[in-house]
Amino acid sequence: MNKKALISGLIFFLALFAGQAHAQSEGSRLSNKTALVTGAASGNGKAIATLFAREKAKVVLVDINKSELEKVVASLSEQGFDVTGIEADVTKEADIQKMVDQTLAKYGRLDILVNNAGIFDELMPVGEVSDDLWYKIMETNLNAPMRAIRKVIPIFEKQGGGVIVNTASIAGLTGARGGGAAYVASKHGLIGLTKNVAFNYKEKNIRCNAVAPGRVETNLRANSERLAGSKSARDRSIENWKDIENKVTEGYITNMRKCSPDEIAKVVLFLASDEASFVNGSVFVADGGWTSY
Ligand SMILES: NC(=O)c1ccc[n+]([C@@H]2O[C@H](COP(=O)([O-])OP(=O)(O)OC[C@H]3O[C@@H](n4cnc5c(N)ncnc54)[C@H](O)[C@@H]3O)[C@@H](O)[C@H]2O)c1
């Protein structure tokens with residue numbers, strides 16, 4: 001081998017080694033952690049679970065949609081990640097118990113809980129909202145996170161700490177542009193819950209934060225229609241619907257774009273990782289500047 005070929009070979013292997021070292025340093029932010037992500041078969045939850053797996057967490061993916069869940073889990077498993085799927089309806093207390101108990105049975109610990117499963121109400125104003133839709137939204141978006149947190153707190157206390165990330169929304173910070181009465185109230189409630197948990201358990205090395213996305217390219221509207229009848233609720237002829245929609249969409253003017261679920265997952269990864277060790281009780285807005293005006 002001549003000198004030139006030797007030098008270029010050396011450079012190639014050095015570049016390869018540097019690249020691998022870089023990938024390793026980027027890909028081990030959740031080493032030795034076990035994470036549970038709800039609503040992980042689609043949208044934000046799927047992106048969060050995937051990124052967590054890439055960062056070397058053992059990930060438990062929970063969803064009510066069995067077939068989609070199986071597809072996501074199979075694809076991640078094929079890529080060599082240590083993941084487990086659990087079909088569960090987070091609005092059922094028994095399923096909350098099951099998802100956490102099965103996680104502990106399989107991995108022996110739980111370090112990160114991401115309460116992400118959620119449904120939307122298609123901007124339904126309070127004068128039109130049915131009790132059924134209101135309860136479904138509250139059960140999924142607010143009561144389920146409370147029950148999951150209540151279940152993991154003693155586990156975190158015993159382990160000496162843990163992290164909770166709740167997927168809220170800019171609807172938890174604003175009045176109408178991000179949802180209808182039930183959705184907005186549920187996300188405001190979730191942000192309040194986040195802060196209350198953060199304050200009460202800060203001495204136990206338990207952190208609880210929320211991410212508040214703007215608009216994200218996901219299947220939220222279609223899934224909500226299927227799970228809670230949100231769209232059909234909207235489609236019922238509401239006399240003043242057009243006025244309400246026009247009023248609400250005024251708030252869209254300052255929204256630059258929808259983001260991809262991966263952009264939300266990166267924020268959640270930060271909040272879940274040790275890099276956010278001093279971040280507790282915060283609401284991390286990820287909306288491209290929509291609400292900054
Ligand atoms: N898409 C957006 O623009 C947006 C904006 C802000 C916040 N969010 C929030 O992001 C979170 C995830 O929603 P997404 O946009 O990815 O929607 P999505 O519909 O794509 O994903 C939500 C997942 O949650 C699951 N799910 C719903 N109810 C469930 C239940 N009872 N038990 C178990 N799983 C259940 C669904 O099957 C689905 O797989 C929600 O909390 C939503 O409110 C979304």
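Predicted model: local features only at pLDDT ≥ 70, side-chain atom pairs only at ≥ 80, totals over all residues.
Residues are numbered from 1 along each chain as its sequence is written.

**Overall make-up**

- The chain holds 10 helices and 7 strands, these being DSSP runs numbered from the N terminus (H or I, at least four residues, for helices; E, at least two, for strands).
- Of the 293 residues in the chain, 44% are buried.
- Among contacts between residues at least 6 apart in sequence, 75% join residues at least 24 apart, a contact being a pair of residues whose C-beta atoms, placed from the backbone, lie within 7 Å.

**Helix α3**

- Helix α3 (residues 66-78) has 13 residues, which at 1.5 Å a residue should span 18 Å, and its end C-alpha atoms are 18 Å apart, in agreement with that value; the expected span is 1.5 Å times one less than the number of residues.
- The buried residues of α3 are Leu69, Val72, Val73 and Leu76.
- Seen down the axis of α3, these buried residues fall within an arc of 95 degrees, so they line one face of the helix; the arc is that of the directions from the helix axis to the C-beta atoms.
- The partners against which the buried residues of α3 pack are α2, β2 (58-63) and β3 (83-87).
- Glycine 80, with a positive phi near 90 degrees, follows α3.

**Helix α10**

- The 12 residues of helix α10 (residues 261-272) should span 16 Å at 1.5 Å a residue, which agrees with the 16 Å between its end C-alpha atoms.
- In α10 the buried residues are Pro261, Ile264, Ala265, Val268, Leu269, Leu271 and Ala272.
- Because the buried residues of α10 fall within an arc of 160 degrees when seen down its axis, they line one face of the helix.
- The elements that cover these buried residues of α10 include β1 (34-38), α2, β4 (112-115), β5 (162-167), β6 (206-213) and β7 (283-286).

**Nonpolar core**

- The largest nonpolar core has 77 residues, and those with the most contacts inside it are Ala35, Val37, Phe52, Val59, Leu61 and Val268; such a core is a set of buried Ala, Val, Leu, Ile, Met, Phe, Trp, Tyr and Cys residues joined through C-beta atoms within 7 Å.
- Helix α5 (residues 131-159) supplies the largest share of this core, 9 residues.
- In soluble globular proteins, nonpolar side chains tend to be buried together.
- Valine 59 touches Ala35, Val37, Ala49, Phe52, Ala53 and Val83, when residues up to four places away in sequence are not counted.
- Valine 114, in strand β4, is buried, with 30 other C-beta atoms within 10 Å.
- Apart from neighbours within four places in sequence, valine 114 is in contact with Ala35, Leu36, Val37, Thr38, Ile48, Val165 and Val268.

**Shell around the ligand**

- Among the 29 residues around the ligand, Gly39, Gly43, Gly118, Thr218 and Asn223 come nearest, a residue being near a molecule or strand if its C-beta atom, placed from the backbone, lies within 6 Å of it.
- Helices α2 (43-54) and α7 (220-228) each supply at least two residues of this shell.
- The shell divides into 10 nonpolar, 16 polar and 3 charged residues, where Ala, Val, Leu, Ile, Met, Phe, Trp, Tyr, Cys and Pro count as nonpolar, Asp, Glu, Lys and Arg as charged, and the others, Gly among them, as polar.
- Glycine 39 and valine 114 are 75 residues apart in sequence and 9.2 Å apart in space, C-alpha to C-alpha.

**Residues in loops**

- Lysine 56, in the loop between α2 and β2, has a positive phi of about 75 degrees although it is not a glycine, and with 17 C-beta neighbours inside 10 Å it counts as partly exposed.
- Leucine 123 lies in the loop between β4 and α5 and has a positive phi near 65 degrees, and with 22 C-beta neighbours inside 10 Å it counts as buried.
- Glycine 172, in the loop between β5 and α6 (181-200), is buried, with 26 other C-beta atoms within 10 Å.

Terms used: Buried ≥ 20, exposed ≤ 12 C-beta atoms within 10 Å, placed from the backbone. Contact = placed C-beta atoms within 7 Å.
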